[in-house]
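Open the model in your viewer and keep the selection tool at hand. We will go stop by stop.

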Amino acid sequence: MSSIQMPVPIVFWGQRPPSHDISCISSSDEKKGFATGSRSGQICLWDISKDRTTEKLKVRPRCLLFGSSSAVISLCFVKNWSDDRDHIASLDQDGTISLWDGKDGACLKYAKIPGKHRGIKCLLRVRYQECLIACHGRYSSILILHPYTLEVRPPLLLPLPLWLVVARRCAPSSLDTAPTGLSKSASWAT
């Protein structure tokens with residue numbers, strides 16, 4: 001029997017969590033908590049509760065995740081329809097998308113997706129009990145990822161919206177040099 005040795009970082013903290021230079025934040029749909037990503041590549045899971053006696057909101061760090069090799073630039077909670085264990089997807093500055101277990105913080109899967117990415121969002125299709133991960137960036141499409149395998153599905157192509165072609169000036173007529181609209185080539189028309 002062969003075994004794989006993998007270091008598992010363990011973090012202890014008292015009344016205050018360790019320093020965490022926050023670069024992004026995402027809340028869960030159930031409003032039970034939220035997650036923050038940092039420039040150093042850590043992800044912190046936070047619990048939200050109300051104090052029963054004072055009715056004050058309490059925010060407490062629950063788990064600190066390690067595994068990102070660069071800054072975390074975007075996070076989203078991924079609904080898991082099969083059980084109550086929601087997942088968290090993270091996008092790193094180097095293009096790595098990781099899927100984390102929302103309860104114990106284990107990294108379930110990761111994939112390096114080529115391109116200049118800026119953010120990820122969870123697209124819920126409640127009618128079909130389906131959740132997709134949408135990734136956007138410096139390209140003319142939205143990448144759609146399967147939420148559990150992180151496989152890229154056919155992208156959504158974004159043509160120039162029709163409303164840009166018919167934009168009109170809403171300024172007083174004394175501003176003769178003000179733009180009146182955009183053409184399909186995205187140049188200003190006066």
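Stop 1: Select Asp 92. It sits in strand β6. Strands (E, at least two residues) and helices (H or I, at least four) are DSSP runs, numbered from the N terminus.

This is a predicted model: local features need pLDDT of at least 70, side-chain atom pairs count only at pLDDT 80 or more, and totals for chains, interfaces and linings use all residues. Residues are numbered from 1 along each chain as its sequence is written, and side-chain values use heavy atoms, leaving out hydrogens and water.

Is Asp 92 buried or exposed? Asp 92 is buried, yet has no salt bridge. Buried means under 20% relative accessible area, exposed over 50%, and partly exposed in between (1.4 Å probe, protein chains only). A salt bridge puts a side-chain nitrogen of Lys or Arg within 4 Å of a carboxyl oxygen of Asp or Glu. Now show Lys 112. This is the nearest side chain of opposite charge, 8.3 Å away. Lys and Arg count as positive, Asp and Glu as negative; His and the chain ends are not counted.

Next, show what Asp 92 touches. Leaving out residues up to four places away in sequence, the list is Ser 68, Ser 69, Ser 70, Ala 71, Val 72 and Ile 73. Contact means heavy atoms within 4.5 Å.

**Stop 2: the nonpolar cores.** Select Val 78, Ala 89, Ile 97, Ile 113, Ile 120, Ile 133 and Leu 150. These have the most contacts inside the largest nonpolar core, which has 15 residues. Such a core is a set of buried Ala, Val, Leu, Ile, Met, Phe, Trp, Tyr and Cys residues joined through side-chain atoms within 4.5 Å. Colour β5 (72-78), β6 (87-92), β7 (96-101), β10 (130-137) and β11 (141-145): each gives two or more residues to this core. Which element gives the most? It is β10, with three residues.

Another core, of 11 residues, lies apart from this one; Ala 35, Ile 43, Leu 75 and Ile 88 are among its members.

**Stop 3: an open sheet.** Show β1 to β4. These four strands form an open sheet in the order β1-β2-β3-β4, with antiparallel pairing. Two strands pair if DSSP finds at least two bridges between them. The edge strands, β1 (22-27) and β4 (57-65), each pair on one side only. Five bridges join β1 to β2 (residues 33-38). Ile 22 stands opposite Ser 38 in β2.

**Last stop: a loop.** Select Lys 32, in the loop between β1 and β2. Lys 32 counts as exposed because its relative accessibility is 53%.
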